[in-house]
Amino acid sequence: MFFHRQELQYAATPTAPDAVYARKLQEVLGGQYGEITVALQYQFQAWNMHIPGKYRDLVFGIGAEEMGHVEMLAIMIAQLLEKAPLGVTEDAVQDDPTVAAIVGGTDVQQGIVAGAGARPVDSNGNPWSGSYITSSGNLLADFTANANAEMQGRLQVSRLYHMTDDHGVRDLLAFLLARDTMHQNQWLAAVEELKAEGAETLPVPSNFPLAQEHREVSYQYLNFSDGEAAADGSWAQGPAPDGLGEFSYHEGATTTAEMPPPTRPDVRFYGTTDMPNVVEKVAGAAQDALKKE
């Protein structure tokens, strides 16, 4: 059950309108690593979680907070557009040829479609996609993905911070940066707690029988590049993080197999093969006559 309280977690009031910056903010609202993604990612992880208790409560709680961040950014974008000029002006491209070439002024759909409001899209107008969400049911995999999402999101907000001098916008971004700091640390702490409790460990999924994989190649670093420095990394020698094997370094593959012959799918896919065209036509007609699927 959800209730909405008509107040914000933090102030979201710009000093002045800025249609171009409103478009830039769309990235951290509706982009791959934006607030819509993390809000729904955490909610789906909680809905799909198989165990009660602290981890489920954690994910539900942060998911709810992230919905508030969606709201703050949407309101900020709407306010940036409120008194912005409808057309493209010199100010709208900020006299910057790079911005003018890439951005070209305002997101016209913010005006035409949304009536000077935010949209569930990224900074190029690509619609937000549910495919951005990671919710696997494996907490170690999901919490690691969550940490990455918070890292990517904080990286983008950090860049956006330096793209404006608006005090109100920067104030909101400074708050979001701080919360991203917390969330990065929170997910990494949860990962370590999962491992310490033995609920999950490496390699994910840790309850898959290791005997059923080809263990002889489980810890081999195979160098498929002409770069040589990778051999100096800890991933090429010494104990693996899962504590179950020792890394080794190899130039190229340690296994090989013959290439199988080309496939020959049903002739009614009409791909070009080494069979004579007339033979394929006859074969297709015969399969249709026999109602062969």
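Let's start inside the protein: Trp 187 is buried, with a relative accessible area of 0% (buried means under 20%, exposed over 50%, partly exposed in between, using a 1.4 Å probe and protein chains only). This is a predicted model, in which local features need pLDDT of at least 70 and side-chain atom pairs count only at pLDDT 80 or more, while totals for chains, interfaces and linings use all residues. Residues are numbered from 1 along each chain as its sequence is written, and side-chain values use heavy atoms, leaving out hydrogens and water.

**Aromatic pairs**
- Rings of Phe, Tyr and Trp (its six-membered ring) pair if their centres lie within 6.5 Å; planes under 30 degrees apart are stacked, over 60 edge-to-face, and the rest tilted.
- By this rule there are eight aromatic pairs.
- Tyr 42 and Trp 187 form a tilted pair, with 5.0 Å between centres and 55° between the planes.
- That pair links distant parts of the chain, since Tyr 42 is in helix H2 and Trp 187 in helix H7 (residues 167-197), 145 residues apart; helices here are DSSP runs of H or I with at least four residues, numbered from the N terminus.
- Tyr 42 is also buried, at 0% relative accessibility.
- Ring pairs join Tyr 42, Tyr 55, Phe 143 and Trp 187 into a cluster.

**Around Gln 32**
- Gln 32 sits in the loop between helix H1 (19-30) and helix H2 (35-47).
- Gln 32 is partly exposed, at 39% relative accessible area.
- The C-alpha atoms of Gln 32 and Ala 149 are separated by 8.7 Å, although the two residues are 117 residues apart along the chain.

Methods: Helix = DSSP H or I, 4+ residues; strand = E, 2+ residues; numbered from the N terminus.
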